[in-house]
Structures are given as C-alpha cells and as structure tokens.
Amino acid sequence: MAPQRSSSTSGSVKTGMTMTEKILAKAAEKSQVVPGDNIWVNVDVLMTHDVCGPGAFGIFKREFGENAKVWDSEKIVVIPDHYIFTTDKRANRNVDIMREHCREQNIKYFYDITDLGDFRANPDYKGVCHVALAQEGHCRPGEVLLGTDSHTCTAGAFGQFATGIGNTDAGFVLGTGKILLKVPPTMRFILDGEMPSYLQAKDLILQIIGEISVAGATYKTMEFSGTTIESLTMEERMTLCNMVVEAGGKNGVIPPDATTFNYVENRTSVPFQPVYSDGNASFVADYRFDVSKLEPVVAKPHSPDNRALARECKDVKIDRVYIGSCTGGKTEDFMAAAKLFHAAGKQVKVPTFLVPATQKVWMDVYALPVPGAGGKTCAQIFEEAGCDTPTSPSCGACLGGPADTYARLNEPQVCVSTTNRNFPGRMGHKEGQIYLASPYTAAASALTGHVTDPREFLQ
Amino acid sequence: MAASSLRSVNPTLSRTTLASPTISPPFQSPFLRFPPTSTASFNLKPLVTTRSSPSFVTRSSAAAASPQERKTFHGLCYVVGDNIDTDQIIPAEFLTLVPSNPDEYSKLGSHALTGLPASYENRFVEPGETKTRYSIVIGGENFGCGSSREHAPVCLGAAGAKAVVAQSYARIFFRNAVATGEVYPLDAEVRVCEECRTGDVATVELREGGESVLVNHTTGKEYRLKAIGDAGPVIDAGGIFAYARKAGMIPSAAA
C-alpha cells in the first residue's frame with residue numbers, strides 16, 4: 001500500500017491546493033489534503049432518482065434498520081426523471097417507492113409526479129435531475145454534492161465537488177451524511193480565445209475527450225479555466241462538466257465567478273463560500289487550447305472519444321436526430337437549435353425528436369422568443385421546421401429505457417444526438433449508430449439528412 | 001475474510017455469525033457516532049463490539065465465513081475486450097429491477113452482459129438461465145466505464161461471477177464492486193484479455209500481503225495480479241458498511 005501522507009504531520013508548512021483539494025479538505029474538516037489521501041467527507045447534498053433511489057433506500061434500511069432516519073431530511077433531493085412516461089409497471093412502481101420513502105423520512109425536496117398522462121398537471125415534477133438541481137438552487141460553490149448518477153459531475157460547473165456514486169455508497173450517506181473519498185489529483189485544461197459563433201461547449205468537451213481518451217482522466221479532477229470558460233454561460237459550463245465522466249474523470253470543476261454567483265443567488269439564499277486553486281497548487285497535467293481554432297466535432301460510434309470533424313462526416317447518412325438530455329436538452333441547447341433552424345429556413349429531412357430536460361425548459365421552449373427570430377419562440381420555429389412536437393421532460397431515450405420510451409432506438413438506425421454516450425446499445429438497439437454532437441450540429445444534420453457541420457447554415 | 005483481519009487487530013475478539021441465512025430483526029438505529037478526528041488513512045481502529053451480523057447476506061459476507069473460499073476462485077473464464085461499459089454489462093431497460101430486493105437481485109443476474117454485441121458468440125448467461133457457468137470475467141482496459149449504476153457489479157455477482165480480472169477499471173465501477181463486495185475487482189499487469197479465451201479453466205488466488213495470481217490451467221500460464229491497494233481494507237472488511245463499522249464510524253447492526 002502506498003505510504004499515506006497525513007496532513008497532521010506536515011506541520012506548519014502549507015502546500016498549495018487545487019480547488020478540489022480545498023473543497024474536500026474543508027468537507028473533511030482538515031486544513032490540508034494531498035492527492036491520494038483517503039478521507040471521510042461531509043456531504044452537503046445527496047441526490048437520487050427513480051432508478052437508483054429504491055436500491056439506495058433499500059440498503060439504507062437494511063444496514064441502519066427499518067426505523068432508521070436519514071441524516072438530514074433537507075439535504076436529500078429526490079428527483080424522478082429516468083423512466084417516467086412509460087407503462088412499464090416496475091418503472092412506475094419505483095416512483096411510488098420513492099414517494100413512500102420521502103413521506104416516511106419527511107424529505108423536503110421530492111419532485112414528485114403522479115399524473116403520467118400530463119406532466120404539466122404535476123406542479124412539483126421537474127425532470128432531468130442534473131438540470132433540476134441547478135435550476136432549483138441546489139448547486140452552490142464550495143460544496144460537496146453526490147448523486148446516484150454518473151452525470152452528477154455536471155454540478156462541478158458551479159465550483160463545487162460533485163460526483164456520481166452507487167446505491168451502496170448512497171445508502172451509507174443517507175444514514176451518516178459522510179462518504180469515504182480518495183482525494184483526486186487535478187488535470188488542468190486552460191481554454192483561451194474567443195468562442196466561434198458556430199462552436200458550443202459540447203464541441204469543447206468532445207474535443208478534449210478525443211484528446212485524452214475515455215480513460216484519460218480516470219480517478220482525476222478535470223479543472224477548466226481560461227478566458228473562454230469565463231465567457232461561457234452556466235448552462236454551457238454544465239454541458240462541459242457533464243461529460244467529464246466520459247473521460248473517466250472523478251469530477252469536473254470550474255472556478256466560480258460573477259456568472260456563477262448571479263445564477264446561484266437568483267435561485268437560493270443558502271450562503272456559500274467559493275474556493276479557488278492556489279497559485280502554487282500542483283496539477284498532474286496541463287492542457288491548453290486555442291478555442292478560436294477549433295471546429296465542430298462529433299463522436300462517432302461507438303465511443304465518446306471517437307472524435308471526428310463534423311465536416312469530415314458529411315457523407316454519413318442519418319435516420320434521425322435527438323435533441324435532449326442533461327447534456328444537450330437545456331434551454332440554451334434548444335435556443336441554439338432553433339436559431340440554426342431559423343437561419344436556414346428549411347425543413348428537416350429526418351425525424352427530429354425534442355426532449356426538454358425539465359418542465360422549466362419545456363416552458364422556455366414555448367414561451368421565450370429566440371433572439372433574432374422576430375419574436376418567434378423555439379416551439380414555433382421547431383414546428384415550422386417540421387420537428388416532432390417537444391415531448392414530456394425526462395431523461396427519455398438518452399439511455400434507451402423501457403421499450404415504450406419516446407424516441408428510443410428500436411432499430412439499427414443512425415442517430416445524431418446531443419446526449420452523452422454512444423456505446424453499443426446505449427439508446428436501445430445494439431446495432432444503433434450514435435453520433436454525439438452539439439445542438440448546432442444536430443440541427444444542421446437534421447436539415448440535410450447527413451452529419452453536417454453547422455457552418456453550412458450559420459455563417 | 002473478515003475473520004483473519006480481525007485476528008490481526010485484536011486476538012481476543014471472535015467473529016460470530018456472518019453467514020446467517022435469515023434476516024435479522026430490525027433494530028432501532030441509535031445515534032450514529034462520528035469520531036472527532038476522521039481517519040485520514042485506512043488504519044483500522046479496534047472493533048467496538050463483538051456482535052455483528054449483517055441483516056442481508058452479501059456475497060462477500062458469505063465468503064468471509066470460509067477463509068478458503070475467499071482465497072481461491074476456480075472456474076471458467078469469460079473474456080471481453082476494452083471499454084466494456086455499463087450498458088453492455090446491464091442494459092438500461094433492466095434498471096427497473098431494484099438490487100436490494102432479493103427476487104429482483106436474481107433477475108438482474110439473468111441479464112448480466114446481455115448488452116454485449118452479437119460478435120460475442122458465447123453468452124455469459126444462457127437464455128432462460130439466471131446463473132452463469134463462468135466464474136471469472138477477464139477484461140481489458142477501462143472495464144465498467146459509463147454509468148454509476150451499481151446494477152453493473154451486482155448483476156455479475158448475482159449471476160455467479162466471483163472475480164473480474166481486468167487491465168484497468170473505470171472508477172465508479174471499481175468503487176461499486178468494492179462497496180458491494182459483489183465481485184472482486186482485480187488488476188492484471190498484462191493484457192490477459194488477449195491471452196485467455198472464453199472457456200479456459202482458471203484459478204484466481206488471493207494471497208496474504210496483496211500478491212495475487214491468475215492461473216490459466218488451459219494455457220498453463222500464470223499472471224501476477226496487482227495489489228489492490230487502498231481498496232484492500234474495504235474489500236477485506238466486506239464492503240463499505242462493514243469497513244465503517246470496523247473503523248467505529250457507525251455502530252454494528254446488533255448494538
């Protein structure tokens with residue numbers, strides 16, 4: 001076993017720490033930690049959903065007792081989102097199971113849904129957990145957020161430590177409010193330069209994953225900074241951090257700034273303390289990108305690191321387009337797609353499925369005017385372009401799901417998708433071919449029926 | 001497994017029921033204790049009670065009752081390639097099965113590795129069966145990448161696999177395997193996925209001091225497996241709950 005360097009022996013000499021090291025040190029009530037330290041960390045927020053929640057609570061009860069109470073009923077957020085709009089009885093039952101647990105434990109934040117026929121009839125229902133966490137003000141700089149979902153790393157966009165855990169770990173946290181974590185070393189990604197008008201955060205992260213591979217960041221933190229990062233909106237930052245797990249990363253993190261504080265303070269009054277990497281912190285890797293030189297990219301089947309320039313895939317004929325998920329189903333993602341459709345003024349050539357991540361996103365799609373479109377909303381533009389009607393918000397077909405899931409890939413078709421993974425069978429059919437792309441690229445591809453660089457319509 | 005590490009910590013303590021097949025009666029969860037200074041490393045604190053019986057028999061706790069069983073796994077190998085992600089290990093449509101429900105736990109086993117493409121001629125679990133004939137899964141790089149779904153190591157364990165020997169792991173899968181104790185995640189130093197074939201007869205031997213080996217009886221080759229490292233104490237304890245009980249973080253079940 002590697003020798004442990006415990007902080008208590010380092011005396012008064014303080015080593016510079018990265019953001020992640022600082023957040024974890026504070027959560028472990030230590031003044032100093034170094035990568036490799038195994039520490040017990042206090043958890044600020046634990047999130048779970050309909051797929052893993054029943055299992056997590058099952059383990060909690062098994063280990064702590066049938067009458068055990070959770071460590072803090074206000075620090076647990078239960079968000080049904082994965083298999084909601086389906087007739088699958090077990091899926092429906094799992095939402096009911098979560099309702100029972102939440103009632104019994106007096107869980108403050110349970111975004112429940114009871115009327116599956118009309119999502120709008122459910123005032124509490126939100127939709128995709130990672131987007132809901134942000135929209136409901138549960139993401140705050142400096143905190144530790146865990147979730148029973150790999151894309152929990154999305155919240156790192158808020159300058160916090162956020163990572164995915166399994167049911168057993170979650171069951172443990174439910175009872176104790178603590179988790180055993182190994183402090184990860186940090187890889188730094190500095191992105192500078194003006195973001196081209198046709199490029200989005202999805203292109204940035206696909207670029208990076210293509211660079212370092214699906215295991216390039218395993219057990220490590222991916223810290224993103226630079227002038228480009230500073231220019232990104234919160235939703236774009238979320239897209240960036242969302243796919244950290246696709247590079248094997250433990251967590252992603254972006255230094256919080258005015259953009260962050262503005263977003264957070266509009267959604268929560270819980271105080272927070274932002275942290276930043278020290279000037280003399282150690283990083284295990286340094287990558288620099290001149291973003292102004294980057295081009296739209298896709299991840300070809302069947303791996304998120306199978307990167308290719310979108311323009312080099314223009315001969316790939318596609319069967320459908322999917323715009324949705326925590327990665328690419330937020331308000332700005334739909335705004336971007338609508339903007340491209342409007343600029344093109346054409347109709348889509350393939351079925352184009354739109355799955356807003358949350359109720360709020362769905363409402364924005366129908367209510368917000370798209371800049372430069374003469375007052376038209378996304379929904380209007382989508383309709384004019386011949387897209388499918390935006391559907392009920394949930395994770396949808398990003399991960400296939402029960403057989404009757406809307407937009408599930410049930411045949412070996414080619415799909416351009418704004419989602420996060422394209423391993424065999426990801427969206428349903430094992431021989432389905434998924435090209436991961438930005439909303440711009442997805443919209444452009446819908447218009448031509450082939451994988452298409454958005455510059456065809458955006459310049 | 002817990003028995004031998006117990007003896008090394010406190011020779012006067014004896015472990016009682018670990019392989020109890022019955023569900024223990026529910027207990028009132030007392031105040032959960034948190035030590036004032038958290039353990040900064042994996043140094044095990046002395047056990048605080050002698051009575052400890054998990055209410056559900058996990059595979060690891062069952063194995064702990066018999067040190068011999070812990071130390072060696074014999075069986076057939078099932079060989080897969082690189083980047084076997086969680087969707088291939090357990091397709092998402094089966095995630096409605098709740099692993100902590102014993103009936104659904106078995107069902108999960110029947111779906112283990114059914115997400116693998118058709119190019120895999122041998123199925124890990126035959127259609128209609130719930131158990132596999134293969135005890136050892138041999139993988140390449142980045143085994144278990146993708147989702148955090150615990151159903152992944154659980155379905156392998158439920159199907160009857162005992163160990164995974166891969167070149168490298170995705171972290172959440174590794175962590176879940178350790179936390180649940182469902183399968184032993186072992187690290188090979190070479191590309192065993194290219195040197196072994198599905199159906200090879202093999203033995204995985206876990207030795208004291210962290211040196212373990214994979215012996216492929218069909219080819220006659222032996223492979224050293226990397227020491228588990230920091231996760232060792234958690235695996236040896238039988239998962240994160242058992243480990244935390246040993247460390248005095250939470251009370252034992254029968255307190």
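A polar contact is a pair of N or O atoms within 3.5 Å; within protein, one must be able to donate a hydrogen and the other to accept it, and residues adjacent in sequence count only if both atoms are side-chain atoms. This is a predicted model, where local features need pLDDT of at least 70, side-chain atom pairs count only at pLDDT 80 or more, and totals for chains, interfaces and linings use all residues. Residues are numbered from 1 along each chain as its sequence is written, chains are lettered from A and ligands numbered from 1 in the order in which they are written, and side-chain values use heavy atoms, without hydrogens and water.

Start with A:His49. A:His49 sits in the loop between strand E2 (45–48) and helix H2 (53–64) of chain A. Helices (H or I, at least four residues) and strands (E, at least two) are DSSP runs, numbered from the N terminus. A:His49 is buried, at a relative accessible area of 1%. Buried means under 20% relative accessible area, exposed over 50%, partly exposed in between (1.4 Å probe, protein chains only).

| Side chain of | Partner | Distance |
|---|---|---|
| A:His49 | A:Asp149, side chain | 3.2 Å |

Now chain B. The average pLDDT of chain B is 76, and 70% of the residues score at least 70. pLDDT is the predictor's confidence in each residue, from 0 to 100. For the complex, the predictor gives an ipTM of 0.88 and a pTM of 0.88.
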